[in-house]
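Work through the following exercises with the sequence and the model at hand. Each task is followed by a solution in steps.

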Amino acid sequence: MLKKFIDRESGRVEERTVMNAITIDCVIFGFDNGSLEVLLVQHGEGIRKGEWGLPGGWIKATESIDDAAHRLLAELTGLDKIYLEQLKAFGDTNRFPLGRVITIGYYAMIKKEDYNVKAGSTAADAKWYKINDIPKLIYDHDDILQYSLTNLRTRVRQAPVGFNLLPEKFTLFELMKLYEEILGVKMDKSNFRRKILHMKLLQPLEEKQKDVIHRAAKLYSFDEAIYDKLTKKGFNFEF
């Protein structure tokens, strides 16, 4: 039997059809013009109205946590059919001000140009922020974001994850900028070139950049067979 209750966060009368002590929060990374960015939503109602946080919310009692993550992301940001990877549960006793709530974190990396972001549901706005320009986030979302970034930095040294953030054809400099943004370090151009080419991961193309004011650089694409092999097998790519 369903019962109605007042949601203390939003102030709305709700039917008890959600798991009222478990939520979902999603970290969505994108790469644009040499910058790593993360997608945030501005709350349009409730105790955090006007503040920014990760897209997420309550899980319905009738859905799986994976389904909830995809539903919430689509409702709040318009992003759909995205591969989401589960991070872990975040359960600090003081993370939510109105009672004990555990959240399950997910993250994804997408090519921004492939998706249109549009705020919906309880979100007043949805916006990309550069990783170094993140506003103060609600609850423990800063910690969740930092954990996601640390996880991404570990994985990018062990497998070619995140390469899907680049266009189909790219330069070595663009690839290096991706690594620099994810890892938060500056790299030596010649050393990076030597290491990445030694992996045989890239396929050199008989093409160069077009419509650039500087000297046109050679373009590359990924060798899909090697990419798949290294994704499964892994590697050690230290700088």
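**Exercise 1.** Determine in which strand threonine 23 lies, and whether threonine 23 is buried or exposed.

*Solution.* Threonine 23 belongs to strand β3 (residues 18-32); strands are DSSP runs of E with at least two residues, helices runs of H or I with at least four, both numbered from the N terminus. The model is predicted, so that local features need pLDDT of at least 70 and side-chain atom pairs count only at pLDDT 80 or more, while totals for chains, interfaces and linings use all residues. Residues are numbered from 1 along each chain as its sequence is written, and side-chain values use heavy atoms, without hydrogens and water. Because its relative accessibility is 9%, threonine 23 counts as buried (buried: under 20% relative accessible area; exposed: over 50%; partly exposed in between; 1.4 Å probe, protein chains only).

**Exercise 2.** Identify the residues that threonine 23 contacts beyond its neighbours within four places in sequence.

*Solution.* With contact defined as heavy atoms within 4.5 Å, the partners are Gly57, Trp58, Ile59, Arg95, Val101, Ile102, Thr103 and Ile104.

**Exercise 3.** Describe the pairing and the burial of strand β11.

*Solution.* Strand β10 (residues 202-208) pairs with β11 in the antiparallel sense over four bridges; pairing requires at least two DSSP bridges between two strands. Lysine 208 has lysine 218, in β11, as its bridge partner. Four of the five residues of β11 (residues 218-222) are buried, so this strand is largely enclosed by the rest of the structure.
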